[in-house]
Amino acid sequence: MNLNLACRQLFIANRRLKGKFQYTVPAPATYPYQWFWDSCFHSIILSHFDLISAKKEIFSILFRQFQNGMIPHMIYWDKTNKTNFPRISWGKDGTSTITQPPMLAYAVWQIFQIDKDIIFLKSVYPHLYHFYKYLLIERDPHEKHLIGIMNPDESGEDNSPRFDLPLNLPVKQTLKANTEQRLRLVKQNIECHFDAPFCMRNFFWVKDVPFNSIMVTNLKLLAEIAKKIDQDEDADYFAKEAEAISLAMREFMLEDDIFWSTYGENYKKIKVKTWAIFAPLYAKIITQGEAKKLVDDHLLNKNEFWTNFPVPTTSLDEPSFDPSGFWRGPTWVGANWFIYKGLLNYGFSDVAEEIKKSSVALIQKSGFREYFNPFIGEGLGAQNFTWGGLVIDMGQQRA
Ligand code: GLC
């Protein structure tokens, strides 16, 4: 398969138009709407071959930003879709009422690197400002400098075993039982009138390692964006916030050389090894020595993450590991992309190349599937799933 060509075709097939808006569905038969972090990935991928569509993808995300700055993780542009996607009562019309990992500034910056279009930056900046301010304020009410999520789905890793403890679920569980708990939180959010900092935090409040790592990298890039359009005060503010989150992550999450997600008021560490332990590489918040230890002891460890088709999303030695269990074991190209970028940050280009090779091999073998068995590479979940396109962005350090 010519991967570049196949990717372009996939993006055309998954493209949807609604009035003056254009967006890409992650998988037509399974995920027929627009998802926030998926669209950030789409922009990153499209920036390699269709800059106009990359920008349109960003504008469509921004269209339904809430008054308080939050960007919903789903937009139901076309509700007549006849798929099996569950009907969820989010409490608002046309969108969900939770968000997803804040990859927006990264996507915008990557687009800007290509054509240096200041007008584009100026037109999206107020939305970005409002969104990241929302996260910094509403999701960190006690100014501890860690951003809280109020539903596992906000991490983008719906049933990851990182959330078993805060959801009060046993290690061995069905997807149905897990989904029920998450839907309960959706209902709770409506009862809370969508108040994250003072109401929802009583029901689920996790300081997640990837979410905060993504926040650090994106805040640094947001500071660059602000500088480009002469918003120097904003630039200082966002850069300082990025630094504060890095320090808080170290203070509250680090133990035994690993950054763990935490939950609850007392920052209880959730010591479950998932790919999340590599996210700090992407945020560049650890030392070279710490990075080497992570790679040697865990990533390249055959009893943990080094399978035939790395990187499994959950470590093999976790009791929750399940090679076909959605986010409980399979390899996802999205997670691989973060690890790939993180490895390059620390000069581990050979290992990064292995991750890229694994991602390409999975798609060559099984097509654009949602996730893959990490031992045999069998394709699982949705078909014609867009994230495989991220392999096109593995190879160069743009943002
Ligand atoms: C699944 C994934 C989530 C993604 C969505 C649409 O729910 O877990 O990360 O945004 O599908 O692709």
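Which backbone oxygen does the side chain of T97 reach? In this predicted model, the side chain of T97 reaches the backbone oxygen of W90, at 2.9 Å.

T97 sits in the loop that runs between strand 4 (74-75) and helix 4. The residue is buried, with a relative accessibility of 2%, where under 20% is the limit for that class.

Leaving out residues up to four places away in sequence, T97 touches F66, M70, W90, K92, M150, N189 and F194.

## Helix 4

Just after helix 4, K116 takes a positive phi of about 50°.

How many of the twelve residues of helix 4 are buried? Nine are, so helix 4 is largely enclosed by the rest of the structure. The buried residues are L104, A105, Y106, A107, V108, W109, Q110, I111 and F112. Their packing partners are helix 2 (36-46), helix 3 (51-62), helix 5 (118-138), helix 8 (209-228), helix 10 (279-283) and helix 12 (333-345).

## Ligand surroundings

The residues that surround the ligand are P26, Y31, W35, W37, D38, Q100, G156, D158, F326, W327, F385 and W387.

For D38, an N or O atom of the side chain is 2.6 Å from an oxygen atom of the ligand. The corresponding distance for the side chain of Q100 is 2.9 Å. A polar side-chain atom of W327 also lies 2.9 Å from an oxygen atom of the ligand.

## Cysteines

The disulfide count comes to one. The bond joins C192 to C199, with an S to S distance of 2.1 Å, inside the 2.5 Å cut-off. The torsion about the S-S bond of C192 and C199 is about -70°, so this disulfide is left-handed. C192 is buried, at a relative accessible area of 5%, whereas C199 is partly exposed at 21%.

## Strands and sheets

Strand 1 (residues 15-18) and strand 2 (residues 21-24) run antiparallel and are joined by four bridges. R15 has T24 of strand 2 as its bridge partner. The hairpin of strand 1 and strand 2 has two residues between the strands, and in this hairpin G19 takes a positive phi near 55°.

An open sheet is formed by three strands in the order 5-8-9, with antiparallel pairing. Strand 5 (206-207) and strand 9 (268-269) stand at the edges with a single partner strand each, so one side of each is left without a neighbour in the sheet. Strand 8 (residues 262-263) pairs with strand 9 over two bridges in the antiparallel sense. T262 has K269 of strand 9 as its bridge partner.

## L390

Where is the place of L390 in the chain? L390 lies in the segment after strand 11 (379-380). L390 is buried, with a relative accessible area of 0%.

Apart from neighbours within four places in sequence, L390 is in contact with F41, I45, V333, G334 and W337. L390 and D257 are 133 residues apart along the chain, and their C-alpha atoms are separated by 29 Å.

Notes:
Residues are numbered from 1 along each chain as its sequence is written. This is a predicted model: local features need pLDDT of at least 70, side-chain atom pairs count only at pLDDT 80 or more; totals for chains, interfaces and linings use all residues. Side-chain values use heavy atoms; hydrogens and water are left out. Two strands pair if DSSP finds at least two bridges between them. Buried means under 20% relative accessible area, exposed over 50%, partly exposed in between (1.4 Å probe, protein chains only). Contact means heavy atoms within 4.5 Å. A residue is near a molecule or strand if one of its heavy atoms lies within 4 Å of it. A polar contact is a pair of N or O atoms within 3.5 Å; within protein, one must be able to donate a hydrogen and the other to accept it, and residues adjacent in sequence count only if both atoms are side-chain atoms.
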